[in-house]
Amino acid sequence: MRFGLLTSILLHLAVIGAAFVSWPFLPRPDLVSEPYIPLELIREADLDLKTSVPAARPEPEPVEEEKPDLPEPVVEEEPPAPVEEKKPDPVVEEKPKEAPVIIEPEKKPDPKPTPPKPKPKDDELNFDDLQKLIDKERQEETARVVETPSETVETADQTRQAIGAGDRLTASDKAKMKAAVERCWNAGSIIGAPEPEKLRVEILIELNRDGSLAAQPKVTNALQINLSGNRFWKVAEQQALRAVANCAPYDFFPQDRYNDWKSFLLNFDPSEMVGR
Amino acid sequence: MKKLFTIILTAVFAATMQSALAQVRIDITQGNVDPMPIAVPDFLGADEGVAELRRDITSVLMNDLDRSGLFSVIDQRAYIEKPEGVNVRPTFANWRIINAQVLVVGEVTELSDGRIQVATRIWDVYSDQQLGAVAFKTPADNWRRAAHKVADFIYKTLTGEDGYFDTRVVFIHETGPKEDRTKRLMIMDQDGANPVPLTDGLNYKALTPRFSPTQQQITYMALFDDRPGQVYLFNIETGEQEQLGTFRGMTFAPRFSPDGRQVLMAIERNGNSDVFKMDLATRRLTRLTADPAIDVSPSMSPDGRRITFTSDRGGTQQIYVMNADGSNQKRITFGEGRYQTPVWSPRGDLIAFTRQYNGRFYIGVIRPDGTGERLLTESYLEEGPTWSPNGRVLMFFRETPTRRDGTGGGASLWSVDLTGRNLRRVRTPGDASDPAWSPLLP
């Protein structure tokens, strides 16, 4: 019994020991640089405005004059189509109460000349008041969002956690992080060192929500570096630590996915720079 | 009991795996090679006697760091803080604002015995930590060396390898028309300061000086009008000169072994030249190659076990490597054109060479196993690479083509980092060729 227990403990320790020792040395896949492709994001709201503006604008004068005008350049066969196309304008005028309400506020100055006049029928519902009402509601909404941002974010995080945390950073997020750190990684002295391809440094960093470093970065292969006695490796370690500190804060990640980017394992590997 | 153990072990194992899997791993593979921004405010010093000196020392130090290509000294006009003292902790935020990664604070004080003390502290601006501190005491007129020593200390602290600023360079100073040049040996600091002629009044036709890696001594081949070229030893400190034996043929391309006890050279007899080794204590000569081809330009590896040389035994002049006793001779270059003057790096990892190909000259490096050949510079005519004592920088000389009107054709010294970056001209008093870099001064 005692012998069995002892053997069991030893075997368990051996397994853990093997995991600790071999984990960092497991063969890694070849390094493939993911190019950082900058993307310009357009908000949905911006798109709305852009599409709605042309729809609302053409209304005023053209409607009637266009029929005589258009035929000239487009030749006789075409006229019918453009006429129909222009029709939507009056439609906009007729349905101002529902949909256009949202559009109108920004367009206010433009539509004035002609379209607003056909609407007098609906005048009982004072349009200006309605607009003010909407504006006010919008402001309140914005204020509410500004006041309670963290609450909203936290709820989102919790939901995600419930689903299951994991490596959910997009390739673009990773590429951004890679580009940011590489910009600060001064490798000039490392690539001139003897056997620079061996001077790999692995650093674990933890980030706060604002992208600043939450703790002192940890060099996970520090023991290996110290035991090697290679002073160039020690300098490579300092350069990597300096790069991590210089580049902070890393404030370009989406707040609602904090769990995904709160820690990184950065592998500084100069081998690609020296072509090995 | 057993169950408890199993549970604990499983928990520990699970925690380890969990933490290993939780992080997102990112490979950082493309660093920048820009010089590291470093702030060097004027050295402090309350004593009136050192007012000039502290600015001169700062200036030499800044020049050393800048020329290395690894550091870029930030313009002093951008500094928003004046250090209060070498022993006062700076406000790091003030240096972070100007993007300094490292701050050097120094102080020069006059000692009661007339000497000066140069104290320096290096700070890491981002980690708010001291990286190192050093102080030198020296006679005031030796301030230039003190500045170079400080630069060496900073270089070593930040790069991990010894510096090369407190060194000297011997070169050939050339004057007169191209057809009838007067050549004499000259020595100067590595930054071009303090040039002093070593051999005045002698009319050499050709010279190839090589520094001893261990002493302030050089060996060179000198060719005079009235006798065949012979190899000499020259003691820089005493000015003593002696011929290394008298041989029937011409002896040339001498170079010290890394321990400074032997000189490798080529001896030419009846149109054939071979590589020999001479023990300086006994003056015994040992033949290392015996090939009917022309074997020249030997250079020993820093561990003293192997020798590189060039030979045309394969048809064109190429680089070979052999054991120190002459055995196991292997060709390591197979490129087109001609390879000349191989020099083993003091670090041992590379061999520098001159390559002549298609009417152009190149300075390049190659690993001793023949892999990784890289050409670092190219021009109309350049040759004679010599390594800085830390094996990081190469100095060589270039000649410009002579124009029809007789102008041009001048020779000048250049240096380049072994990565091929930071090509710079070295300041010399007039035309200069055949540089030989000294070891670090004691």
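Analyst: Start with domains: their bounds come from an automatic or database domain assignment. Chain B is divided into domain 1 (36–159) and domain 2 (168–437). This is a predicted model; local features need pLDDT of at least 70, side-chain atom pairs count only at pLDDT 80 or more, and totals for chains, interfaces and linings use all residues. Residues are numbered from 1 along each chain as its sequence is written, while chains are lettered from A and ligands numbered from 1 in the order in which they are written.

User: How far apart do the C-alpha centres of domain 1 and domain 2 of chain B lie?

Analyst: The C-alpha centres of these two domains are 36 Å apart. Contact means that C-beta atoms, placed from the backbone, lie within 7 Å. Five residues of domain 1 of chain B and six residues of domain 2 of chain B take part in the contact.

User: Which helix gives the most to the domain 1 side?

Analyst: Helices (H or I, at least four residues) and strands (E, at least two) are DSSP runs, numbered from the N terminus. On the domain 1 side, helix 2 (residues 51–67) of chain B gives the most, with three residues.

User: How many residues of chain A are in contact with chain B?

Analyst: 44 residues of chain A touch 35 residues of chain B. Helix 13 of chain A gives the most to the chain A side, with seven residues.

User: In what sense do strand 3 of chain A and strand 1 of chain B pair?

Analyst: Pairing requires at least two bridges found by DSSP between two strands. Here strand 3 of chain A and strand 1 (residues 24–28) of chain B pair in the parallel sense, over five bridges. A:Phe268 stands opposite B:Ile28.

Notes:
Contact = placed C-beta atoms within 7 Å.
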